[in-house]
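Hello,

Please find the structure we talked about below. My notes on it follow directly after.

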Amino acid sequence: MAPDEAESPSVVLFGYDSSPFTQKARLALQLKQIPYTFVIVPSMMPRPLLRESFNLTYRKIPVLVIGREIYIDTSLIVEALEHYFPSSQGYGSLYPDPVAMYRPLIRGLASYWTDRPLFRVTTGLIPATVWRTHFGTDRSNLIGHKLNADKLEHKIPENLSVLDLQLSLAEPLFQTEKKKWVFEGDKPSAADVALWYQLDWGEKISRGEGIENLTGGGTRDGDGEGTAIVFNPSRYPGVVAWFERVKKYFEELPSTETRVESRDTKGVGAVIEAISRSQTLQEVPLLPTPSGPHFGLDARNGLVKGVEVSVAPDDTGRESPTVGTLAALTPEEIVIVPQRIDDGPRVGQVRIHFPRVGFVVRPVGRVRL
């Protein structure tokens, strides 16, 4: 059964090509065969389109918009796509049977391995020329300390050794001849997306592929060592064979993406206008959780509906929180109505959804402990 596009809300992904997490979201959308519009935004702040349209001051990418609901961070984006575009409506599944029973493990694999420790490794393979551009200054501001390009360049061999460790941990997953994917099944799942997008991005960025896009033209592609010294079929035959299978699977899967470049003002305007026409749902849509909100504990933390809160990542970007009115809170999800900025938001009222994994929510004015 084909998805009924007429009954589905519009889906818009804001990101840029050299962002690994943008690629993760694009892979999830393609695997599920969800039609969506990909709007290109700059790799660095400011991003006036997001600020003016949605009152969104959040620094990181990607940002997913479903109707008037805005989803932040791929850990939540992936779950939102799976829930609101279910296989019962003709979409693909990120957790197909028999993989569905491993869903909690797959979510943990992404949040606590590939999205964090493995990402730190692949980021450490970026050619030093990148850190000598304005992009390096921008990321210094995001991280909260100055990045030393020379020091980072000297650390690349060490980071390649850590990548070797990561590949060594993954290799036993693929040493069974009949096993094609990370978990058993006849097709890739969110687990394959979680591991593949980081290895694919790391392999490319380490060679300097995409660094011109990453730096906004600050340097040219190339000038990188690559990962072949450790990521090769003689050293890790299982991982490499699996990597090529996933690549081939996605190459043969139809694209569901409509691309809108940032310089296409007419196209961008049409996307924002379409979002403006979306209806605001009266009830806050929330992802299902095993237990509902813990109102008593949340109240002890000063987190009650209607209070002004700040939401920030617990790693980088902590000094640039998003502020708004708390609309809903569950063990896994934070929803706020963003504070007004000038006369915005341009599209009208929106709600911003954050995961609780990797984020801290506090009432505005509460002392940090």
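Strand S7 (residues 322–329) pairs with strand S8 (residues 333–338) in the antiparallel sense, over 5 bridges. Keep in mind that this is a predicted model. A hairpin of 3 residues links S7 to S8.

Valine 311 has threonine 322 of S7 as its bridge partner. Of the 8 residues in S7, 7 are buried, so the strand is largely enclosed by the rest of the structure.

Two cis peptide bonds are worth a look when you open the file. The bond from methionine 45 to proline 46 is cis, with omega near 5 degrees. Proline 46 sits in the loop between strand S2 (36–40) and helix H2 (48–54). The bond joining isoleucine 61 and proline 62 is also cis, with omega about 10 degrees. Proline 62 is in the loop that runs between H2 and strand S3 (63–66).

Next, the backbone angles. Aspartate 73 is not a glycine, yet has a positive phi of about 80 degrees. Aspartate 73 lies in the loop between strand S4 (69–72) and helix H3 (74–84) and is partly exposed, at a relative accessible area of 23%. Aspartate 223 likewise has a positive phi, near 70 degrees. Its place is the loop between helix H10 (211–214) and helix H11 (237–252). With 62% relative accessibility, aspartate 223 counts as exposed, because the cut-off for that class is over 50%.

Regards

Notes:
Residues are numbered from 1 along each chain as its sequence is written. This is a predicted model: local features need pLDDT of at least 70, side-chain atom pairs count only at pLDDT 80 or more; totals for chains, interfaces and linings use all residues. Side-chain values use heavy atoms; hydrogens and water are left out. Buried means under 20% relative accessible area, exposed over 50%, partly exposed in between (1.4 Å probe, protein chains only). Helices (H or I, at least four residues) and strands (E, at least two) are DSSP runs, numbered from the N terminus. Two strands pair if DSSP finds at least two bridges between them.
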